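Trainee: I have a structure open and would like to learn how to read it. Could we go through it feature by feature?

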Amino acid sequence: MNHGEIVIIVLKVAVAAVSVLLAISLTVLARGNVRLHGRLQVVFFTLVMLAVLGLEILIRIVDPTLFDYFDAETRQIMRVHLSFAIPTTILLPIMLYTGLTGKRRLHLALAVVFALFWLGIMTTGLFLLPPRPWG
């Protein structure tokens with residue numbers, strides 16, 4: 001297993017973990033605990049942004065050849081994955097701001113868009129990018 005595959009596996013675990021955190025956050029919100037939801041979302045935001053920053057440092061500074069082993073199919077899957085991940089990275093700070101400042105209507109509208117992008121990240125990142133669970 002090469003370093004790129006190890007990084008992908010670590011990122012898959014991270015996406016799964018923060019997805020659980022997101023689910024917990026939405027559960028406490030559904031139960032009416034807006035304050036705890038906000039606190040959990042700050043943690044979610046911080047973890048996601050640290051992962052993005054860490055990956056960017058890895059692929060731009062530490063080892064720009066980290067994913068050169070990707071074949072054409074994997075590169076296409078990565079393009080699709082990034083079409084979800086990049087807008088999400090832009091949307092996250094706006095979501096955090098609107099949530100923390102009480103801009104409820106805008107926050108809820110953005111939450112729908114965010115949910116669609118996050119489902120795309122999970123689908124492409126967890127199941128389509130190699131190494132795949134089924135081999």
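Trainee: What does the accessible surface of the protein chain come to, and what share belongs to carbon and sulfur atoms?

Mentor: Keep in mind that this is a predicted model. The accessible surface comes to about 8,400 Å², and carbon and sulfur atoms hold 72% of that. For the overall extent, take the C-alpha trace along its principal axes: about 45 × 30 × 20 Å.

Trainee: How many helices and strands are there in the protein chain?

Mentor: Four helices and zero strands. Read along the sequence, that gives the pattern α-α-α-α.

Trainee: What share of the 135 residues is buried?

Mentor: A residue counts as buried when its relative accessible area is under 20%. By that cut-off, 32% of the 135 residues are buried. A related figure concerns contacts with a separation of 6 or more: 67% of them involve residues 24 or more positions apart.

Trainee: How does the reach of helix 1 compare with the span expected at 1.5 Å a residue?

Mentor: The idea is to set the distance between the end C-alpha atoms beside the expected span. Helix 1 has 28 residues and reaches 40 Å from its first C-alpha to its last, close to the 40 Å expected. The same check works on helix 3, residues 72-100: its 29 residues should span 42 Å, and its end C-alpha atoms are 42 Å apart, so the two agree. For helix 4, the 25 residues should span 36 Å and the ends are 34 Å apart, which also counts as agreement.

Trainee: Which elements cover the buried residues of helix 1?

Mentor: In helix 1 the buried residues include V7, V15, L22 and V28, and their cover includes helix 2, helix 3 and helix 4. In helix 3, I77, H81, L91 and M95 are among the buried residues; what covers such residues includes helix 1, helix 2 and helix 4. Helix 4 has H107, L110 and I121 among its buried residues, and these pack against helix 1, helix 2 and helix 3.

Trainee: Is V48 buried or exposed?

Mentor: V48 has 11% relative accessibility, so V48 counts as buried. V48 is in helix 2. Leaving aside neighbours within four places in sequence, V48 is in contact with V18, L92 and W118. H37 also lies in helix 2, residues 34-62. Its relative accessible area is 10%, so H37 is buried.

Trainee: How many aromatic pairs does the structure hold?

Mentor: Six. One of them joins F44 and F114 edge-to-face, 6.0 Å centre to centre with 85 degrees between the planes. This pair links distant parts of the chain, with F44 in helix 2 and F114 in helix 4, 70 residues apart. F44 and W118 also pair edge-to-face, at 5.3 Å centre to centre and 65 degrees between the planes. W118 lies in helix 4, so this pair ties together parts that are 74 residues apart in sequence.

Trainee: Which residues do ring pairs link into a cluster?

Mentor: F44, F114 and W118. F44 counts as buried because its relative accessibility is 0%; W118 is buried at 6%, and F114 is buried as well.

Notes:
Residues are numbered from 1 along each chain as its sequence is written. This is a predicted model: local features need pLDDT of at least 70, side-chain atom pairs count only at pLDDT 80 or more; totals for chains, interfaces and linings use all residues. Side-chain values use heavy atoms; hydrogens and water are left out. Helices (H or I, at least four residues) and strands (E, at least two) are DSSP runs, numbered from the N terminus. Buried means under 20% relative accessible area, exposed over 50%, partly exposed in between (1.4 Å probe, protein chains only). The expected span of a helix is 1.5 Å times one less than its number of residues. Contact means heavy atoms within 4.5 Å. Accessible areas come from the Shrake-Rupley method with a 1.4 Å probe; for residues, only the protein chains shown count as cover. Rings of Phe, Tyr and Trp (its six-membered ring) pair if their centres lie within 6.5 Å; planes under 30 degrees apart count as stacked, over 60 as edge-to-face and the rest as tilted.
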